[in-house]
Structure formats: structure tokens, C-alpha cells
Amino acid sequence: MKVEYINPFFLATVDVFKTMLSLEPRRGNLRAVEELVPVSEANVVIGVTGALRGSLLYSFPKDMALEMVYIMAGMRMNELDVFVSSALGEVANIISGNALTYLSQNDLLCDIAPPQLIIGTNGSLSMSTEKAVVLPLHTDIGTLEISISLRATSNS
Amino acid sequence: MMWKEHYRVGADLIDNQHQELFKRVSSFIKAVQTKAPWEERKAEVLATLEFMQHYVIIHFSDEEALQKEIGYPAADQHTEIHENFKAEVGAFANKIEQEGLDEQGVQEFAARVMTWLIMHVAGEDQKIGQFMREQGGSQ
């Protein structure tokens, strides 16, 4: 998978985290993995179609997820319930949308599917047949990892 | 508190309405997330939702009028964003009218409204303030 597909997700996360959470993510070291595996408790999977095809997995530690919702709502929540996981889904959706805007500047036009929420770290996600690159993003409230598995479709 | 000082745009009318809107969304989230049995909370959730829906329309229309008044160049695009959000809220209102109010659907909707509002006010709306400052005037 090309590294040029990764940077848009870093830039988009910085934009969205600064705007919505007043946090500035720092980029960790990339690593390659054989499949998409949830590494933390709160996970959002988003499918990508178009010039690039594949999946994105946003993995948030529970404490980070709850802190993000506290920053946004100004209210403490204690569990990864429907409200909290939906809010994470929305944030991941906004980041993905912004990343696609960056990709479109390189003539890669893509669409995203609605976010799927997965709570827990059990197992791998069967939809992934391709290798993925994991982009760790360190913040003052924890580390979000975005696993990116994208490949160019034949007609692009 | 949901409202943050850095969400200010720099126009009093808009900032006051934004604060009211954040207060309403905050009450909505509270009503949605409280632990009391769902049946007991339904009426409050519905009332907050209705008020919010009306308030959004008033606020959008005032904000659009301000944009016209100051000659904001991206006014049409901004109005379209407002229209899309109004349509989304309207579709949700229709859905609960037909299918009733279910707890999970309302929790998902509350999360959507919260993230939309923050991203819009802290992102898109800040460009209006920036334009006003560049023009060197206040409202």
C-alpha cells in the first residue's frame, strides 16, 4: 500500500481534533499488519469505494473515548454506550471525509460507507483481505490508532 | 459545560444564539442519557427536541441574514449546509412521528447533532468571523 494514502489521514485527524477537541495529535511510527485487528475497546470501521477500495479501522482506548465525549458534551459518561460510540462514529466519519478531500486533490476520488461500530477487542475483521498500515496518533488524552487498508482499483 | 469561549464568532447576536443552542443540545443529551426509565423520559426528550428544531431554524435564518448584510462570499454554500442539516433534522422528526420514539435512535441522533454542531460552529462559522475581521469592521 502506498504511503501517499496515509498522510491525508494524519492531516485530517489534526484538522478535526484541533477544531472539535482542541487537541493536537502527534504522529507515531507506522507499522504494517497482516489484517485489520481492533487494538482498543472502541472501534469504528468505515468502508471506502471509488479510486481506492478498502477499509479504515479507527481504534480508540475506552478512557480516550470517554474523555473525547467529555470535551465535546461537557458531561461525564462512564460507559461505551450507544451515545458515546455514535459520537466516535461521527468523529471518525468526519476525519474520513476530510481525508478523502485531501486524496481528491491527488485525483483520487472516493466515497465512504456509513460507520460500523464495534465495541471490544475480540478477533479480526473478516472483510479485510489486504495488509494494512497502522497510523498511531498520540494526544494528551490517549492514542488513537487508524488502520488503513486501501488499494487502487483497476480503472484508476 | 458544552459551550467553549473559543467557539465565539465575534458577532453578538450569533454568539448568543450559539450559546443558547449549545445549552439546548446539552439539555437534550442530558435527557437522552439520564438513567431513569425510558418511558419516564420520553416526554422530556420530545419537548427538548421540538424546541431545538424550531430554534435551529430561527438561528440559521438570522445567521444567513448577517452573512448577506456583510457580503460574506461563501453565503450560498453556507446556506446549503444549513438546508442539509434542517432536512436531516426534519427527516428524524418525521421518522419518530411515524415509528415512535425509540431510545437507541434518539441516542444516535443526539450524538449526530452534538458532533455536527461543534464541527459547524468551531469550523465553518469561524470563517464568518474571520471575514468580518478581515473587513476591519464589527457587525
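Which pattern does chain B follow when read along the sequence?

## Overall architecture

In this predicted model, chain B follows the pattern α-α-α-α along its sequence. The secondary structure of the chain accordingly comprises 4 helices and 0 strands.

The C-alpha atoms of chain B occupy a box of roughly 55 × 30 × 20 Å along the principal axes. Of the 139 residues in the chain, 24% are buried. Among contacts in chain B that join residues at least 6 apart in sequence, 71% link residues at least 24 apart.

## Packing of helices H1 and H2

Two packed helices are described by the angle between their axes and the distance between the axes. For helix H1 (residues 12-33) and helix H2 (residues 38-70) of chain B, the angle is about 160 degrees and the axes lie 9 Å apart. Angles over 145 degrees count as roughly antiparallel, and H1(B) and H2(B) are therefore roughly antiparallel to each other. The crossing of H1(B) with H2(B) is left-handed.

## Residues at the H1–H2 contact

On the H1(B) side, the contributing residues include Leu13(B), Ile14(B), Leu21(B), Arg24(B), Val25(B), Phe28(B) and Val32(B). On the H2(B) side, among them are Arg41(B), Val45(B), Leu49(B), Phe51(B), Met52(B), Tyr55(B), Asp62(B) and Leu66(B).

By class, the contact between H1(B) and H2(B) contains 13 nonpolar, 4 polar and 6 charged residues.

Note on methods
Residues numbered from 1 in each chain as written. Chains lettered and ligands numbered in written order. Predicted model: local features only at pLDDT ≥ 70, side-chain atom pairs only at ≥ 80, totals over all residues. Helix = DSSP H or I, 4+ residues; strand = E, 2+ residues; numbered from the N terminus. Buried ≥ 20, exposed ≤ 12 C-beta atoms within 10 Å, placed from the backbone. Contact = placed C-beta atoms within 7 Å. Axes fitted to C-alpha atoms, helices over the stretch in contact; angles between N-to-C directions. Parallel < 35°, antiparallel > 145°, perpendicular 65-115°, else oblique. Left-handed = near helix turned anticlockwise from the far one by under 90°. Nonpolar A, V, L, I, M, F, W, Y, C, P; charged D, E, K, R; others polar.
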